[in-house]
Amino acid sequence: MNQAIHPLKGKIMSGAETVVQVLADQGVDVIFGYSGGAILPTYDAVFRYNAENLREDGTEPMPLIVPANEQGAGFMAAGYARASGNVGTVMVTSGPGATNTVTPVRDAMADSTPLVVICGQVPTSAIGTDAFQEAPVSSCLGPVAKHTFLITDPKKLEMTVRTAFEIARSGRPGPVVIDLPKDVQNWSGEFAGRGYLAVPGYRQRLHAARGNHLEESELAGFFEMLQGSSRPLIYAGGGVINGDATEELRRFADHFGIPVTTTLMGIGAVDTTAPLSLHMLGMHGLASANYAVEDCDFLIALGARFDDRVAGLPDKFAPNARHIAQFDIDPSEIDKVKPVDWHHVGILKTDLQALYDYGVAREIKPDFSAWHGEIADLKKRYALNYDRESEEIQPYAVIEAINAITQGDAIISTGVGQHQMWAAQYFDYKHARLWLTSGSMGTMGYGLPAAIGAQFAARDHLVIDVDGDASIRMNLGELETATTYGLPVKVLVMNNYGDGMVRQWQKLFYEGRHMASDKSLRSKDFVKTAQADGFEYAERLSDPGDIDRVVREWLEFPAPAFLEVVIDRDAGVYPMVPPGAAYDQMITGDWIPSRVKTAKKEVDRSSMF
Amino acid sequence: MVAIMRHIISLLVSNEAGALARVSALFSTRGYNIESLNVAPTQNPDISRLTLVTRGSDTVIEQINQQLLKLVDVVGTADMTMDDHIERELLLLKACVTSDQIDGIREAVDDFGARVLDDRPEAFTVELTGISEYVGEFIKRVESGCKLISVVRSGAMAVSRGEALLGGL
């Protein structure tokens with residue numbers, strides 16, 4: 001990295017001060033965390049760092065944002081990381097502080113989100129004695145994190161913290177946990193201002209992937225497949241966004257006229273309003289996108305992993321594709337689910353640029369206009385739709401009303417369930433990093449803290465948490481965090497009095513027995529809750545005629561604003577490819593046409609998840 | 001039919017706290033089996049060698065290999081069974097041998113090239129090295145002739161024949 005001599009080289013610092021200095025050097029401009037005995041020295045060092053380095057406008061360079069629960073801190077950091085592309089930083093105490101981060105750490109691993117989680121730990125001498133607030137952090141977090149470090153040798157502290165950031169952001173990004181005993185925080189030694197741990201295997205593999213450029217023969221092979229196809233389709237995943245390859249993808253796809261569908265995690269990789277964008281595919285993907293997957297004869301997977309929510313039946317996924325090409329940074333994703341006949345492990349950004357350059361230099365310009373016509377027809381014929389005459393508020397209409405104002409430029413975070421899928425389907429996303437959701441883990445409660453974190457990444461951007469009544473309950477305590485820090489986040493709760501997605505499955509697969517998913521008899525008053533937590537704008541919307549007016553009022557409120565919308569309890573998420581089924585089994589519901597007559601098929605309940 | 005084969009995988013891992021736990025956790029979380037596992041330092045004190053025996057189809061073994069390579073502590077992996085290699089396992093076996101059994105046991109020891117470490121009949125202890133299958137056959141032979149007390153096996157270890165894999169270590 002920077003070879004310049006650090007101005008603080010040689011300064012005697014405590015371990016805690018060392019940690020904070022490395023954070024500052026790594027560009028950390030916000031920490032999310034909750035205090036406790038075992039992390040107090042480092043919290044104190046953050047206090048002193050901020051006091052000594054106040055910005056000219058009087059703000060702190062490294063504010064420490066305190067959630068209601070450490071899980072909230074983890075998701076705030078994830079929201080920050082996803083919205084900014086930087087590493088999100090969490091700092092919590094030992095024991096319960098650390099174990100409360102297990103869920104966001106696993107979530108970040110599953111969605112490849114870069115985090116560094118620093119957990120205080122009991123002093124080295126007390127480890128293993130069942131000390132107060134002691135938990136086996138490496139054992140709990142090791143299997144769910146990209147890596148964990150337990151620092152027992154304080155001389156390695158500085159290098160370890162620096163290396164943790166490097167590991168979190170490099171290769172396939174992920175969460176790195178540092179287990180930091182209290183005595184190491186209180187140790188004092190000389191600050192070196194440079195140096196990394198060796199991690200020889202990791203670094204060698206990273207170097208190999210970075211150096212693995214597309215060779216002439218690979219490029220020729222790829223273009224042979226492209227030119228031999230008449231219906232090519234790009235299937236872009238979260239790797240495009242994590243790999244900062246959005247611009248290169250758009251240029252490549254536009255130039256060669258290749259339509260793009262994205263995964264849930266890839267939303268925003270292309271402008272969803274562009275003519276050749278098919279938006280999301282998969283279980284709740286758009287019918288047009290799924291039909292295009294059925295029709296394509298050449299599928300190009302970019303940073304996407306054939307997840308079960310995309311390829312429920314891998315054998316029958318893209319059944320007409322004569323070739324499938326896969327690009328990924330992670331070799332373990334090649335052939336993991338769906339065998340492909342061409343692949344490349346490398347850096348997506350440079351690979352897409354290389355593809356573009358190669359095709360342009362050779363004036364390759366295949367004519368896919370017939371396919372473009374088919375795509376336009378699919379998009380028109382099988383567009384999303386719903387009951388527009390209903391007397392009850394349709395959730396889709398609420399999103400359309402918000403989108404009419406935000407125009408595809410707001411940052412949207414979500415919980416997990418029906419509202420998440422509606423937000424994915426019905427909002428426009430013109431750019432990357434506008435869409436924050438828990439994709440792989442499907443963690444309810446992600447939305448509110450993620451929105452809070454995102455607001456720190458994009459202070460002047462409109463950030464909306466689109467939530468459900470059940471999801472928001474999971475981290476409801478964070479409402480107060482939004483008002484405490486004066487964050488102008490907009491919180492939307494689509495209240496259908498229960499776990500809507502669970503109800504939908506129970507309706508479809510369990511003869512309508514709504515076991516444990518009905519919350520209509522509960523006494524929660526969301527508006528009062530928001531008011532009690534300091535929201536000056538907190539309204540309930542229940543008349544469809546008020547949607548436009550109230551939504552505008554809510555969005556324009558210049559401070560945290562809360563809106564509960566009482567929606568049609570029977571509103572479903574369609575299309576739906578049943579779990580473990582192929583796309584030709586897709587149910588499009590009452591309002592979207594289907595091009596195949598789907599015979600109702602018995603679904604094996606145990607293989608269905 | 002997918003062929004399930006036995007594989008000996010050799011891993012070099014950084015000698016860090018938790019490295020062994022991470023490798024074994026990977027196997028349990030992803031549902032792979034470990035038949036045996038052996039770990040000890042190499043000539044480089046910073047690096048340990050971990051040898052494990054697992055079974056799986058080619059696809060599963062490839063996933064195991066790729067997933068192992070995602071662990072930050074893992075310096076390198078080699079599937080010994082894919083190339084020419086030498087396999088050995090060390091057995092320490094203790095048996096209780098009566099006077100009418102002793103000749104049969106001594107014969108087994110000679111046949112297999114084992115070595116007697118303690119010849120007291122109530123704690124008759126031998127050592128044997130060989131490929132795991134050979135070690136298994138010896139145990140069966142002894143078991144058929146007397147009462148076993150302890151069977152201590154190191155698990156298979158392997159080294160490539162000829163040129164060294166994994167950067168010479």
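# A guided tour of chains A and B

Select chain B to begin, and follow it along the sequence, where its elements run in the pattern β-α-β-β-α-β-β-α-β-β-α-β-β; that is four helices and nine strands, helices being DSSP runs of H or I with at least four residues and strands being runs of E with at least two, numbered from the N terminus. The model shown is predicted, so local features need pLDDT of at least 70 and side-chain atom pairs count only at pLDDT 80 or more, while totals for chains, interfaces and linings use all residues. Residues are numbered from 1 along each chain as its sequence is written, and chains are lettered from A and ligands numbered from 1 in the order in which they are written.

**Chain B as a whole**

With chain B still selected, its C-alpha atoms fill a box of roughly 55 × 45 × 35 Å along the principal axes. Of its 169 residues, 29% count as buried, a residue being buried if 20 or more other C-beta atoms, placed from the backbone, lie within 10 Å of its own, exposed if 12 or fewer do, and partly exposed in between. Among the contacts in chain B with a separation of 6 or more, 74% join residues 24 or more positions apart, where a contact means that the C-beta atoms of two residues, placed from the backbone, lie within 7 Å.

**Strand 3 of chain B and its partners**

Now select strand 3 of chain B, which is mostly covered, since eight of its 10 residues are buried. Strand 1 of chain B (residues 5-14) pairs with strand 3 of chain B in the antiparallel sense over 10 bridges, pairing being called where DSSP finds at least two bridges between two strands; as a landmark, B:His7 has B:Thr54 as its bridge partner in strand 3 of chain B. Strand 2 of chain B is also antiparallel to strand 3 of chain B, over six bridges, and these two strands form a hairpin with five residues between them. Here B:Val39 has B:Leu50 as its bridge partner in strand 3 of chain B.

**Between the domains of chain B**

Colour chain B by domain next: the assignment gives domain 1 (5-83) and domain 2 (86-157), with bounds that come from an automatic or database domain assignment. The contact between them takes six residues from domain 1 of chain B and five residues from domain 2 of chain B. On the domain 1 side, strand 2 (36-41) and strand 3 (47-56) of chain B are the elements that give two or more residues, and the largest share, three residues, comes from strand 2 of chain B.

**Across to chain A**

Show both chains, and the contact between them takes 17 residues from chain A and 15 residues from chain B. On the chain A side, helix 6 (137-141), strand 6 (147-150) and helix 9 (200-211) of chain A each give two or more residues, and helix 9 of chain A gives the most, with four residues.

**The open sheet of chain A**

Select the six strands of chain A that form an open sheet in the order 16-15-17-18-20-19, with parallel pairing. Strand 16 (435-436) and strand 19 (537-541) of chain A stand at the edges, each with a single partner strand, so one side of each has no neighbour in the sheet. Strand 17 of chain A is joined to strand 18 of chain A (residues 490-495) by five bridges, and A:Leu492 in strand 18 of chain A is the bridge partner of A:Val466.

**Helix 21 of chain A**

Finish with helix 21 of chain A (residues 500-509), whose buried residues are A:Gly500, A:Met501, A:Arg503 and A:Gln504. These cover an arc of only 160 degrees around the axis, which puts them on the same side of helix 21 of chain A, the arc being that of the directions from the helix axis to the C-beta atoms. Their cover includes helix 17 (418-426) and strand 17 (463-468) of chain A. Just after helix 21 of chain A, look for A:Glu511, which takes a positive phi of about 50 degrees.
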